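Subject: Structure handover

Hello,

Here is the structure I promised to pass on. Please open it first, then read the notes below alongside it.

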Amino acid sequence: MVKAERRRWAIATCVALVVAAIGDAGPEIIESRSLVAGYDGPGPLIYLGVAAMVAAFRWRFTPLLAVVTGVLFLFGGFSDASFVGRLGTPTEPVQFYAGWLQMAGFAAAVAFGIAAVWVHGSVPARTADADRRQDTETEGPRR
């Protein structure tokens, strides 16, 4: 059950990185009307590569790669004055919404990646063991 829950959080992390890639590459693709001509840098490819690694490798701490990527790109985005200005003033609606979509994707990737690593398994209830000492007053006589 714990592995399935971790896997769900890891998949949500991958989806969040894909959303960030769409937010990053979307405006250029819409403007140029071509998937190839709208390429402006390696950012979306990095996000998709990290999402592929999180999906492919089932090691428990692999989602932390998405967390690190999300934190670095959030920090980089919010430290760029032109990007922050684009987020604050919706003069170009496509750029404005795509920027917020990208930042929301990174924030979700960070949160989902931490959740994928943080999931704890429930402790199973202890059952009576034949080798264990039994209290006859509370558990009854041994058979």
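A residue counts as buried when its relative accessible area is under 20%, and as exposed when that area is over 50%; partly exposed covers what lies in between. Keep those cut-offs in mind for what follows. Also keep in mind that this is a predicted model.

**Overall make-up**

The chain has six helices and zero strands. Read from the N terminus, the order of elements is α-α-α-α-α-α. The chain holds 143 residues, and 33% of them are buried.

Start with G70. This residue sits in helix α3. Its relative accessible area is 0%, which is under 20%, so G70 is buried. What lies across from it in space? V110 is 40 residues away from G70 in sequence, yet the two C-alpha atoms are 5.7 Å apart.

A66 is also a residue of helix α3. The relative accessible area of A66 is 0%, so A66 counts as buried. From A66 to G49 the sequence separation is 17 residues, and the C-alpha to C-alpha distance is 10.0 Å.

**How the helices pack**

Two pairs are worth a look on screen.

Take α2 and α3 to begin with. Helix α3 spans residues 63-79, and its axis runs 8 Å from that of α2. The angle between these two helices is about 160 degrees. Over 145 degrees counts as roughly antiparallel, so α2 and α3 are roughly antiparallel to each other. Their crossing is left-handed.

Now α1 and α5. Helix α5 covers residues 93-118. It packs against α1 at an angle of about 165 degrees, with 8 Å between the axes. That angle is over 145 degrees, so α1 and α5 are roughly antiparallel. The handedness of this crossing is left-handed.

**R6 in helix α1**

R6 belongs to helix α1. Is R6 buried or partly exposed? Its relative accessible area is 21%, so R6 counts as partly exposed.

Five residues make a nonpolar surface patch: V18, I22, L45, L48 and L101. The patch area is about 420 Å². Which elements give two or more residues to it? They are α1, residues 2-32, and α2, residues 43-56.

L48 is one of the patch residues, and its place is in helix α2. The relative accessibility of L48 is 39%, so L48 counts as partly exposed.

**Where to look**

Then go to the left-handed crossing of α2 and α3. Follow with α1 and α5, whose axes are 8 Å apart. Finish at the nonpolar patch, which includes L48 and L101.

Best wishes

Methods: Residues are numbered from 1 along each chain as its sequence is written. This is a predicted model: local features need pLDDT of at least 70, side-chain atom pairs count only at pLDDT 80 or more; totals for chains, interfaces and linings use all residues. Side-chain values use heavy atoms; hydrogens and water are left out. Patches are made of residues with over 30% relative accessible area and no salt bridge: like charges are joined within 9 Å, nonpolar side chains (Val, Leu, Ile, Met, Phe, Trp, Tyr) within 5 Å. Accessible areas come from the Shrake-Rupley method with a 1.4 Å probe; for residues, only the protein chains shown count as cover. A salt bridge is a side-chain nitrogen of Lys or Arg within 4 Å of a carboxyl oxygen of Asp or Glu. Helices (H or I, at least four residues) and strands (E, at least two) are DSSP runs, numbered from the N terminus. Buried means under 20% relative accessible area, exposed over 50%, partly exposed in between (1.4 Å probe, protein chains only). Axes are lines fitted to C-alpha atoms, for helices over the stretch in contact, and angles run from 0 to 180 degrees between N-to-C directions. Angles under 35 degrees count as roughly parallel, over 145 as roughly antiparallel, 65 to 115 as roughly perpendicular and the rest as oblique. A crossing is left-handed if the near helix is turned anticlockwise from the far one by less than a right angle, and right-handed if clockwise.
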